[in-house]
Structures are given as C-alpha cells and as structure tokens.
Amino acid sequence: MIHLTNRLSAAASLVRGGGSIADVGTDHAYLPVYLCQTGKIKRAVASDIGEGPLENAARTVERWGLSDQIELRLSDGLDAFTPGEVGEILICGMGGELIAGILRAAPWICRPGMHLVLQPMSHGVDVRRFLCENGFQIENELCVSEGRRVYLCFSANWTGQDERQPEAYYYFGELPAADANARMLQKRVYAHLCTRADALREAGRLAEEEAALRTVIETYERMCQDDGQRDL
Ligand SMILES: C[S@@+](CC[C@H](N)C(=O)[O-])C[C@H]1O[C@@H](n2cnc3c(N)ncnc32)[C@H](O)[C@@H]1O
C-alpha cells in the first residue's frame, strides 16, 4: 500500500468516501491511489493544471494498477468538470487564496450533498471565509505537523444555510486549545496580524482596515485569557 505523509493522511481521514471524488491539483496522485487502495472510494478523477504533474500521476496510478478506477484529467481548477459529476472534492497542497479562487469559479459546487476536503498551505483565513460565506458548514478542522511545519486541513458540507461567522473565526478557527500544533499556528496568525496592524498604523492609512484587524486581535487576546491554555 502507498505511504502517505501526515499532511495527506489527515486529508484522507476527512474524506467521506463511498462515491466518486475529484482530487484537484493531484500532482503524484498519492491521495486518490491511497483512497482506492483502502476501499474508501470507488472512483476518482485526478486532475491538474500541468502536463508534468499529470505524467507523475500516470506513473503512480500505473504502478499500483488502478487505471480502471482513477481517471486523469487536465483541468484548470474545476473547469473541466461537469456539475454533479463528483460529490466530493479534494484540494490539497495549494495556498488558501488559490483554493478559494478555484472553488469560487465553480458555483455549481454549492449543492446538497457536496463535501469538500481542503488542505491549504497558507491563508487558512481565505478558506474558512469562502466556506462560511457560501453555505458550507465546516465539520472538521485538523492541525498536523511534519517536522517543523504545521498544516491545516478542513472538511465541509454544503448546507445552503447562513454559515457566516464572526471575523475572528475566519483567522483562528475553532482549533482546540489543548492541541499544541493548533496553538502554534494561532500564535503565528496572531503575530502576523499584529505586525500588519502596526504597519498600517505607521503608514497612517487604511484606518478602517487597521481597526478591523485590532478587533480580531482583541478577540483572540480575550480567548487566550478566558481559556487559560493559550499564551500570546
Ligand atoms: C504542491 S502540489 C500538491 C500536490 C498534492 N495535491 C499534495 O497535496 O501533495 C500543487 C499542485 O497543484 C497544481 N495546480 C496549481 N494550480 C492549479 C489549478 N488552478 N488547477 C489545477 N491544479 C493546479 C500544480 O500543478 C501542482 O501539481
């Protein structure tokens, strides 16, 4: 069986399974191969924007004898997919802004039964915001480490309800205070927000943006005081 790193294992653990999935930006197709081998999914479309990554994917799929279950497809985001073709979409290993952009360009994903597994390498804020502003409920949020790096991983269901959350949630999520990886990630987000707010103040512009950031910063500081487990 193919071996997955902690980051991709976390994504695999959040897959609902049972049907067909799309793995967008698949590169070596490790994730769909693993999911087929474990029997969690029956069929996958492994897509990528690049010919080179798709050649990597083809090698992995052939090596493990899964060509009848995994289709390879050249596609910019979800452009080469038809609505309803897959009920579950995985996008891992890209920046949060790019992931949100890919999802935004495919409004057909907002439909009952749609399940997403997203693993941003940065800008988790953009992923949370996109999900909540587009009727997705975040059902799980994991934080895993590989060496010194810490990664976020989300799963979400489309409910079509108003899932919007307070601004601080988009930055910090609902990661448990007892999780050391989560605390480390939140501290980094907090430090980044403080630096950005200070820079805006020094530049003497975008007062509204600075005020909004200060509100988020203060909310997090209160959270830290209240639960006693987080330090700044
Ligand atoms: C760092 S790799 C991640 C591979 C794998 N998903 C993982 O998490 O290990 C990012 C992949 O996304 C692909 N990619 C970037 N932009 C894309 C887009 N707009 N549509 C589809 N694939 C894209 C790249 O070609 C690359 O193969």
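The model is predicted: local features need pLDDT of at least 70 and side-chain atom pairs count only at pLDDT 80 or more, while totals for chains, interfaces and linings use all residues. Residues are numbered from 1 along each chain as its sequence is written.

The chain contains 8 helices and 7 strands. These elements are DSSP runs numbered from the N terminus, with helices (H or I) of at least four residues and strands (E) of at least two.

Helix α1 (residues 6-14) and helix α2 (residues 30-37) have axes that come within 10 Å and cross at roughly 50 degrees. This makes α1 oblique to α2. Axes are lines fitted to C-alpha atoms, for helices over the stretch in contact, and angles run from 0 to 180 degrees between N-to-C directions. Angles under 35 degrees count as roughly parallel, over 145 as roughly antiparallel, 65 to 115 as roughly perpendicular and the rest as oblique. The crossing of α1 and α2 is right-handed; a crossing has this hand if the near helix is turned clockwise from the far one by less than a right angle, and is left-handed if anticlockwise. Leu8, Ala11 and Ala12 of α1 make the contact with Tyr30, Leu31, Tyr34 and Leu35 of α2, where contact requires C-beta atoms, placed from the backbone, within 7 Å. By class, this contact has 7 nonpolar, no polar and no charged residues. Ala, Val, Leu, Ile, Met, Phe, Trp, Tyr, Cys and Pro count as nonpolar, Asp, Glu, Lys and Arg as charged, and the others, Gly among them, as polar.

The axes of α4 and helix α5 (residues 124-133) are 7 Å apart, at an angle of about 25 degrees. The two helices are therefore roughly parallel to each other, and α4 passes α5 in a left-handed crossing. Residues of α4 including Ile99 and Leu103 meet residues of α5 including Val127 and Phe130. The contact of α4 with α5 has 6 nonpolar, 2 polar and 3 charged residues.

The ligand is surrounded by 16 residues, of which Gly25, Asp27, Pro53, Cys92 and Gly93 are the closest; a residue is counted if its C-beta atom, placed from the backbone, lies within 6 Å. β4 (88-94) and α4 (96-104) each supply at least two residues of this shell, and the largest share, 3 residues, comes from β4. The shell divides into 8 nonpolar, 5 polar and 3 charged residues.

Technical notes. Two residues are in contact if their C-beta atoms, placed from the backbone, lie within 7 Å.
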